[in-house]
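Welcome! Let us take a friendly walk through this structure, one part at a time.

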Amino acid sequence: LVFVKDVVRTVKTKVKEKVEKVNSCYWIRLIGESGMVLYNKIGTTTRPIQDRVDEIVKKQYKDGLENIVKCEVLGSWECGELPPEGLESHFRAMLIKKYNGRNYVKNDRILIGNAFEEPTEEEMNGWALGYLGG
């Protein structure tokens, strides 16, 4: 039996309205059918972030915990001319380092569960700034 804590902290979202073909890296929260936060996920898209989030929910991710039924966008970063996969890889490396690899799951998911706190908005923005420059 796996217990997953319910994250009650709200992170401010800075998602732009529909913009076509923008290289973006996103950070989302994946929520199970019980309403509990199961994972954070990083990814890339050139489409509007909400379109990508809707697609992820429709895929009905399943694993040993429960079905993913909802996603919340925690942040997104426009990467300009740089391929967004570079920032995604940087986030992946920093998150693996932060948690000593203990909660990394393939497909760029970070298990939150009852043992791990979500990264903070300040950490994620700091890593993005370090990679993208200011």
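Which residues of helix α1 are buried? They are Ile49, Arg52, Val53, Ile56 and Val57, in a helix that covers residues 49-58. Buried here means under 20% relative accessible area, exposed means over 50%, and partly exposed lies in between (1.4 Å probe, protein chains only).

## Before going on

This is a predicted model, in which local features need pLDDT of at least 70 and side-chain atom pairs count only at pLDDT 80 or more, while totals for chains, interfaces and linings use all residues. Residues are numbered from 1 along each chain as its sequence is written, and side-chain values use heavy atoms, with hydrogens and water left out.

Helices (H or I, at least four residues) and strands (E, at least two) are DSSP runs, numbered from the N terminus.

## One face of helix α1

Seen down the axis of α1, the buried residues fall within an arc of 140 degrees, so they line one face of the helix. The arc is taken from the directions from the helix axis to the C-beta atoms. These buried residues pack against β1 (24-32), β2 (37-45) and β3 (68-78); a contact means heavy atoms within 4.5 Å.

Arginine 52 and glutamate 55 both lie in α1, 3 residues apart, or about one turn of the helix. Their side chains meet in a salt bridge (2.3 Å, N to O), which is defined as a side-chain nitrogen of Lys or Arg within 4 Å of a carboxyl oxygen of Asp or Glu. Arginine 52 is buried at 12% relative accessible area, whereas glutamate 55 is partly exposed at 31%.

How many of the 9 residues of β1 are buried? The count is 9 of the 9, so this strand is largely enclosed by the rest of the structure. Both of its faces are covered, with Ser24, Tyr26, Ile28, Leu30 and Gly32 on one side and Cys25, Trp27, Arg29 and Ile31 on the other. In a regular strand the side chains alternate between the two faces of the sheet.

β1 pairs with β2 in the antiparallel sense over 8 bridges, and with β3, also antiparallel, over 9 bridges. Strands pair if DSSP finds at least two bridges between them. Isoleucine 28 stands opposite lysine 41 in β2, while isoleucine 31 has lysine 70 in β3 as its bridge partner. The hairpin of β1 and β2 has 4 residues between the strands, and glycine 35 takes a positive phi near 95 degrees there.

## Nonpolar cores

A nonpolar core is a set of buried Ala, Val, Leu, Ile, Met, Phe, Trp, Tyr and Cys residues joined through side-chain atoms within 4.5 Å. The largest one has 18 residues, and those with the most contacts inside it are Trp27, Ile42, Trp77, Leu87, Phe91, Leu95 and Met124. The elements giving two or more residues to this core are β1, β2, β3, α2 and α3 (121-132). Apart from it lies another core of 12 residues, including Tyr26, Leu38, Val53 and Ile56.

## Charged side chains

What does arginine 29 form with glutamate 72? The two form a salt bridge, the closest N and O atoms being 2.7 Å apart. This pair links distant parts of the chain, β1 and β3, 43 residues apart. Arginine 29 counts as buried at 5% relative accessibility, and glutamate 72 is partly exposed at 27%.

Glutamate 72 also forms a salt bridge with lysine 70, with the closest N and O atoms 3.6 Å apart. Salt bridges that share partners join Arg29, Lys70, Glu72 and Glu118 into one network.
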